[in-house]
Amino acid sequence: MNIKQLTGQNDSHILWLNEHCGIHKDIEHHWQKMCSAALQENLVLKIASGYRSFERQLSIWNRKFIGELLVKNQQGQLVDFNMNSDQEKIDAILLFSALPGASRHHWGTDIDIYAENLLPNNKTLQLEPWEYQQDGYFEPLSQWLNEHSSDFGFYFPYDKYRQGVAAEPWHLSYKPLASSFLSQLSCEQLTTIILNSDIHGKIEIINNIENIYNCYVTNINKEI
Ligand SMILES: [Zn+2]
């Protein structure tokens, strides 16, 4: 992968499963195998979000920064951006949204998933922890993935809160490729990309880029 691919500025490594959903071409086989195995257990796996470009991540970031998209804390409460400094806004956004250029969704190895057949007809998918936890409607999915996803090379990089990204029980990663891609992305490269972008909070981000890189990019589950 070259730096443009690693940072979502080129999608030539992506296989498009439909108009909206792309994944890295080399994970498709593993994803399909896992879907077949899950189906045997009555779990219809679906991807809510796969590949995301730099531009798309930048749009999410900037809309959150100016208060156009809502930002929640780990308890699911709205964060009041009128009260916050730029640094506080950045930390609040980074809890659930990656810095553009540093999203694992740029790689196509990482996918947000749910079980279509477990979502009640009158509900829309929220991608919030309660849906996946005990008594949530995706609890059987979480149990199955915890037991079997590693058989297919997948794991949860955000399995628990580590003073960086919040726990994301929907975010799966194809580890053999993703760990290699992570090691190819340096803090210096990220700095250059942010400097050349139209991101809100640029000065504060650049002043804290090493901290962001260490707390939110590399600070993940290292196990499989
Ligand atoms: Zn995700």
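The legends below describe an overall view and close-ups of one predicted model.

**Figure 1. Overall view of the predicted chain.** Residue numbers start from 1 along each chain as its sequence is written. Because the model is predicted, local features need pLDDT of at least 70 and side-chain atom pairs count only at pLDDT 80 or more, while totals for chains, interfaces and linings use all residues. The chain has 10 helices and 6 strands (DSSP runs numbered from the N terminus: H or I of at least four residues for helices, E of at least two for strands). Its radius of gyration, taken over C-alpha atoms, is 17 Å, close to the 17 Å from the globule rule for 224 residues, so the chain is as compact as a globular protein of that length. The globule rule is 2.2 Å times the number of residues to the power 0.38. Along the principal axes, the C-alpha atoms fill a box of roughly 50 × 40 × 35 Å.

**Figure 2. Strand S4, residues 110–115.** In S4, 5 of the 6 residues are buried (20 or more other C-beta atoms within 10 Å of the residue's own, with C-beta atoms placed from the backbone). Over the chain of 224 residues, 33% count as buried.

**Figure 3. Pairing of S3 with S4.** Strand S3 (residues 45–49) and S4 run antiparallel and are joined by 4 bridges; strands pair if DSSP finds at least two bridges between them. Ser-49 stands opposite Asp-112 of S4.

**Figure 4. Pairing of S4 with S6.** Strand S6 (residues 171–174) is joined to S4 by 3 bridges, and the two run antiparallel. Here Asp-112 has His-171 of S6 as its bridge partner.

Technical notes
Buried ≥ 20, exposed ≤ 12 C-beta atoms within 10 Å, placed from the backbone.
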